[in-house]
Amino acid sequence: MGLEEKIPDSIILTSLDKMVNWARKRSMWPLGFGLACCAIEMISTFAAHFDLARYGMEVMRASPRQADLMIVAGRVSMKMVPVIKTLYEQMPNPKWVISMGACASCGGVFNNYAILQGVDRIIPVDIYVPGCPPRPEQLMDGILKLQEIVEKDSLKKVHEEWGRKVV
Amino acid sequence: MSAEKKTITLNMGPQHPSTHGVLRVKLELDGERVVTAEPIIGYLHTGIEKTMESMLYYKVIPATDRIDYLAPMSNNLGYCLAVEKLMDIEVPEKVKWARVCLVELTRVASHLVWLGTHSIDLGAMSMLMYAFRERELIIDLYEACGGQRMMTSYIRIGGLASDLPADFEKKVRNIIKTIREKMKDYDKLLTENPIFIMRTKGVAVISAEEAINYSLSGPMLRGSGVDYDVRKANPYSGYENFDFDVPLGKNGDAYDRYLIRMEEMRQSLNIAEQAIDGMPEGPYRAHVPGVVLPPKEDVLYKMESMIFHFKIITDGFDAPVGSVYQAIESPKGELGFYITGDGTNIPRRVRVRPPSFVNLGSLPVLTEGKLLADVVCAIGSIDIVLGEVDR
């Protein structure tokens, strides 16, 4: 017996936050960028058998300027650190990062001079996917968890993070 | 702009979709022509060789998986054969045949990834989907054997990690049958495809003489018509018992290397079939107390086996003083392990002779003076994997 009953079927009421997040989470564009072993599992996830396109994520972008999700797939060597930092900075806001596999998350089995012990030392990470390398199902689970995060995001919060005033 | 400088420098990679990882190529261009091409490596340097120097002999095996992550079983085999040579261990016949079967299927899996990525570089998008679909079958077999999809560490010093799974034969026969069938589709898609032929024929040519001078191995060498295959030249793991051909090319171009890899896949399936047909019965590990782990079933019921198990797991085993070199024919070429033992339970030095790294050295020969668009084809036809180049 509320206002809703008076509204015709063709009209949907929502908030801007909900609508934008709904659109964002279903059309994420990952950066096509693999480092090591995990990259092969990432390709497997995108390829025929597992088919990530089911979640609206199959458009791998070769350029960071068109991407909003970075999947750090593999071990990060010291020589690669400035490159990854640059790539992250080149991605337009809003952007998310998945750290895929043990090496990217914490150095994995390689605790030595050459490997960065966790990519979260240089860029902020939203989701950590464990495994060496993670199964494609695990990566999908990470992506679905990220979609939950995106769903709960607020435009207001994001704007504040970028240091802009909300009108 | 000054009139003197006619060339421009183009930086390709390390983040580039067709460098197969994090390779960087510094190109000097005169218009569309490549003047110099300089591969810059080290973006995936993991320090694996150094890490190996602080590990017990058997703990090195998981690190070898991650060198060439497209062919983990080949790396396991190369390392284990080298340690077996150093320790003078003779493995049972069944282990040899099972290893050959698994390593040949690994070659098929690695070539499938190469086929998918190489053709996607040249614009044949659907090939990647087909290649990865068939690769999943082999990955399933790995999972049944070692419990992991990629990093199996299934081949161990003196044998295998566990006995072959119960449905091993059924699975392998299914793989052989399916991939033989699908290879016909690949042929229809690519071998006669005019666009593919235009992109690969006469592109990235290397002569037999240059190939030998650059110390190339694998399909890169055989593409130029040099008949050298470690499986035939220095048979290991019982390869002398198998009947197979080594395909050779004539022109040394990308198309010949494509044909060779396709034929190698067929030959590998034949070898795997021979291995599964003639697989002898027997134990899955050599009986060398104190060096090779006793079978898991014995560990639970026999006192001596449990003691040896405990001792090997905690302390490893002492290797004699000396150096060995063992080469195998990995999917990329001659993969060698050079191990120096110093009488302790950790290796003094493990040097890997990576075929990808040596083959990558020929990139300037393949591309200089040629068109920029063919650089992608040249990199693809070398079949590099950056984990192996940088280690």
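Reply: In chain A, take the contacts between residues at least 6 apart in sequence: 77% of them join residues at least 24 apart. Two residues are in contact if their C-beta atoms, placed from the backbone, lie within 7 Å. This is a predicted model, in which local features need pLDDT of at least 70 and side-chain atom pairs count only at pLDDT 80 or more, while totals for chains, interfaces and linings use all residues. Residues are numbered from 1 along each chain as its sequence is written, and chains are lettered from A and ligands numbered from 1 in the order in which they are written.

Chain A has six helices and three strands, in the order α-α-β-α-β-α-β-α-α along the sequence. Helices (H or I, at least four residues) and strands (E, at least two) are DSSP runs, numbered from the N terminus. The C-alpha trace of chain A spans about 65 × 40 × 25 Å along its principal axes. Of the 167 residues in chain A, 39% are buried. Buried means that 20 or more other C-beta atoms lie within 10 Å of the residue's own; 12 or fewer is exposed, and in between is partly exposed, with C-beta atoms placed from the backbone.

Now the helix pair. Helix 1 (residues 16-26) and helix 5 (residues 136-152) of chain A pack at about 160 degrees, with axes 8 Å apart. Axes are lines fitted to C-alpha atoms, for helices over the stretch in contact, and angles run from 0 to 180 degrees between N-to-C directions. Helix 1 of chain A contributes A:N21, A:R24 and A:K25 to the contact, and helix 5 of chain A contributes A:Q147, A:V150 and A:E151. By class, this contact has one nonpolar, two polar and three charged residues. Ala, Val, Leu, Ile, Met, Phe, Trp, Tyr, Cys and Pro count as nonpolar, Asp, Glu, Lys and Arg as charged, and the others, Gly among them, as polar.

Two loops of chain A remain. In the loop between strand 3 (127-129) and helix 5 lies A:P133, and the peptide bond from A:C132 to A:P133 is cis, with omega near -10 degrees. A:D51 lies in the loop between helix 2 (37-46) and strand 1 (69-73). Although A:D51 is not a glycine, its phi is positive, about 55 degrees. A:D51 counts as partly exposed because it has 14 C-beta neighbours inside 10 Å.
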